[in-house]
Amino acid sequence: MLSPSFRSDVKHVLKSMSEDGLWKSEYEIVSPQGSWVDLGGGEKVLNLCANNYLGLSSHPDILKAARQTLDSRGFGLSSVRFICGTQDIHKELERDLSRFLHTEDTILYAAAFDANGGLFECLFGEKDVIISDELNHASLIDGIRLSKAQRLRYRHNDIEDLEAQLKSLSDRRQKVIVSDGVFSMDGTLAQLDAICQIAEKYQALIVIDDCHATGFVGKTGRGTHELKNVIGHVDLITGTLGKALGGASGGFTSGKKILIDLLRQKSRPYLFSNTIAPPVVGGGLAALKLLSSSSKIRDDLMKKTTYFRNKMTEAGFQIPKGEHPIVPIMLYDAKKAKDMAAALLKERIYVVGFHYPVVPQNQARIRTQISALHSIEDLDYAIHTFAKQGKKMGIL
């Protein structure tokens, strides 16, 4: 049972979160994921906050493949991979991901959070050092904490700071540089080309989390390593099936085979978590097939992203420079971000305000995310409504 003192402390924490504006509400969607979704009131709202970059969450080819796999391979395996949880389709998806990313091998996880959580502890120890970008995703931070390696941070996207730290680490067995490929709150890209040059100079291994890149960043959607022309120079890439590649669940780590082999033998989330459900694997295979046959969806997404970024900037909003479908509308003040999101929802625009501690103090924003499913008319409606509310709130 809960002790009185513990119960009191929990109630205090919850009350403080509510009073400080940190309470996270959840809206119930009663429709499939899409550019417009139904929140239960009978009237659909324009969805500008999903990771459904390529619009594949409800794509007919993905749904068909998932249904067929459900019929042919079942609902779930009720087991982990090394006991009786490996089907032929799991190995097929690992091979297809490796071919798509131009890596040697791939290992699947139940989620990308597990991929990052199960990576560092089993690969790196007391003789090693991990140097992590200060704005890396929470899953990387938590995964690194599990390792007994020395842990350091470098200033966000600051190559000079990264190199300065590497210079002093000659006594370490393995130096490891860890970065998001795309930083999820800002839509900014890691300087992966520069990181690769530094890594070669100091014999460092590179790990990137490319969850917000796989499928659509780069000329053919391979990811940040393709965009920065460093295919073959990144040692490990973690990614997800839960965003651009169908949006269901499932993560992976892809890279050097010798490292993937060790993960298969020692990575705890892999060894002790149920296998990815067969319908998700079937959908993932279909997504990769679709993206490998044409870059049309990816190209359409990037055109719409450029359009939205340009028009919102012209309207007077402050947006960090970039090219990614993550488009942060910088408001800086937490209350303004929260109030604007609420006002926009009343006008059928579904967005979420982000503020401390999710983003740094005084860096509150509304993070919009463009999907290939959005029409130009959708985006124009969003731009007009943002501008209307921005003027009403004194932001513009």
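Student: Which residue in β15 is the bridge partner of M330?

Tutor: The partner of M330 is R365 in β15. This is a predicted model, where local features need pLDDT of at least 70, side-chain atom pairs count only at pLDDT 80 or more, and totals for chains, interfaces and linings use all residues. Residues are numbered from 1 along each chain as its sequence is written, and side-chain values use heavy atoms, with hydrogens and water left out.

Student: Why are β12 and β14 called edge strands?

Tutor: The open sheet has 3 strands in the order β12-β15-β14 with antiparallel pairing. β12 (326-332) and β14 (353-354) each pair on one side only.

Student: Is β12 mostly covered or mostly uncovered?

Tutor: β12 is mostly covered, with 6 of its 7 residues buried (under 20% relative accessible area; exposed is over 50%, partly exposed in between; 1.4 Å probe, protein chains only).

Student: How many aromatic pairs are there, and why is the one between Y53 and F216 called tilted?

Tutor: The structure holds 6 aromatic pairs. Rings of Phe, Tyr and Trp (its six-membered ring) pair if their centres lie within 6.5 Å; planes under 30 degrees apart are stacked, over 60 edge-to-face and the rest tilted. The ring centres of Y53 and F216 are 4.5 Å apart with planes at 35°, so this pair is tilted. Y53 lies in the loop between β2 (44-47) and α2 (60-73), and F216 in the loop between β9 (204-209) and α10 (224-227), so the pair ties together parts 163 residues apart in sequence.

Student: What makes Y53 and F216 buried?

Tutor: Y53 has 0% relative accessibility, and F216 has a relative accessible area of 0%. Both values fall under the 20% limit, so both residues are buried.

Student: How do you know that the span of α4 agrees with expectation?

Tutor: Helix α4 (residues 88-101; helices are DSSP runs of H or I, at least four residues) has 14 residues. The expected span is 1.5 Å times one less than the number of residues. That gives 20 Å for α4, and its end C-alpha atoms are 20 Å apart, so the two agree. Just after α4, H102 takes a positive phi of about 60°.

Note on methods. Helices (H or I, at least four residues) and strands (E, at least two) are DSSP runs, numbered from the N terminus. Two strands pair if DSSP finds at least two bridges between them.
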